[in-house]
Amino acid sequence: MPLLRDAQVEHGPRPLDYDRQKAAFQHYQSCMLCEHRCGVNRAGGEVGLCKADAQLRMFRHRIEYSEETDLVPSHLFYLSGCDLRCVFCIAGINAFDPTRGEELTPALFQQAVAWGRAQGARNIQWIGGEPTIHLPGILDLMERCPDLPPVIWKSDFHFTPEALSLLAGRVDVYIADFKFGNDACAARLGGGDNYVEIVTRNLKMANKQGRLIVRHLLLPGHFECCFKPIVRWIQLNLPDTEFSLREGYLPSWRSQRFTELRLPLQRAEQHAAREWLNNLGLRVIQ
Amino acid sequence: MNGRPETIQNETEITELTIGIDGRIYVFGLSQQILNVLQAIAPTDATIKRLTAQTKLLSVRQNDGGQ
């Protein structure tokens with residue numbers, strides 16, 4: 001398993017990949033970046049389910065120390081707009097309203113990257129919302145950045161194979177938020193159809209494309225229906241993949257509308273999940 | 001956060017702490033400074049130890065002019 005390249009190892013400048021850029025920007029004319037496959041002309045003012053136009057906006061950036069150990073300090077770039085609608089999203093309206101924040105221009109991005117490097121950041125991490133809906137813009141920013149650190153792509157993994165192929169060779173680490181273990185919970189709490197089939201397909205593909213870390217946020221009351229199916233699937237299909245259990249659930253956004261999500265995770269569920277992981281022998285990282 | 005972020009916010013020095021009624025501490029947005037504070041008040045916590053060790057390791061490397 002390739003480790004994250006050290007921040008001192010420079011990527012660029014890379015030669016501009018015009019074919020890839022052209023293919024990416026075609027999605028702004030007929031967007032098929034996520035599996036909603038809206039096909040809308042975002043550059044022409046149409047919006048799909050994510051409601052994003054063709055402009056990439058960032059509402060926050062920060063150096064973060066609470067990621068998986070070998071990734072910290074990580075420089076997180078928060079982009080507004082998302083293709084899912086998870087009721088417990090900690091970013092809330094900033095994630096779901098793609099008009100929030102400020103346009104991330106190449107100059108601003110390069111300035112931020114340089115600042116992050118000076119602060120000791122080992123990598124940059126695209127986060128949202130969902131970065132994939134802004135993939136053409138992000139690729140363009142990265143292509144123009146002469147001093148690009150290693151790149152982490154933290155995603156809901158609800159993207160299309162076409163989108164993932166555009167990231168090949170441009171991303172060092174994929175962090176997948178595998179949120180739901182069945183389609184009913186996904187539809188109820190995240191607003192997507194065929195969730196499990198889409199995410200598991202993408203996990204298999206991404207695993208061949210770079211380092212993959214699968215995260216799962218343990219949700220109260222979803223031990224049997226979500227946690228267990230997810231870890232069983234990983235055990236069977238991607239047993240060597242790194243798995244990261246997130247246990248810090250707190251009610252956010254619209255969680256209060258859902259009975260089981262109104263309170264923090266109980267210690268008993270937390271301990272049960274850890275025990276399950278130990279018994280399964282997954283490659284758990286922290 | 002309250003209000004509409006019209007400009008990009010650098011929240012590197014902002015950390016949100018929530019202390020549960022059972023004593024668990026939830027941290028969103030962990031900065032170096034807060035990591036140092038947590039290390040001081042909970043030196044045996046496994047997560048804090050791991051992250052502190054990583055940070056120190058990187059610091060040593062930078063000071064050595066190494067990787």
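## A parallel sheet and a chain contact

In this predicted model, β4(A), helix α4 (residues 135-144) of chain A and β5(A) make a right-handed β-α-β unit; right-handed says that, with the strands pointing away from the viewer, the path from the first strand over the helix to the second runs clockwise. Helices (H or I, at least four residues) and strands (E, at least two) are DSSP runs, numbered from the N terminus.

Residues are numbered from 1 along each chain as written, with chains lettered from A in the order in which they are written.

| Strands | Sense | Bridges |
|---|---|---|
| β2(A) (residues 74-79) and β4(A) | parallel | 5 |
| β4(A) and β5(A) (residues 151-155) | parallel | 3 |
| β1(A) and β1(B) (residues 9-10) | parallel | 2 |

Within β4(A), Asn123(A) is the bridge partner of Ser74(A), and Trp126(A) has Trp153(A) as its partner in β5(A). Strand β4 (residues 123-127) of chain A has 5 of its 5 residues buried (20 or more other C-beta atoms within 10 Å of a residue's own, placed from the backbone), so the rest of the structure largely encloses it.

Turning to the neighbouring chain, 23 residues of chain A are in contact (C-beta atoms, placed from the backbone, within 7 Å) with 25 residues of chain B. Strand β1 (residues 57-64) of chain A supplies the largest share of chain A's side, 7 residues. Arg60(A) stands opposite Gln9(B).

How values were computed: Predicted model: local features only at pLDDT ≥ 70, side-chain atom pairs only at ≥ 80, totals over all residues. Contact = placed C-beta atoms within 7 Å. Pairing = 2+ DSSP bridges. Buried ≥ 20, exposed ≤ 12 C-beta atoms within 10 Å, placed from the backbone.
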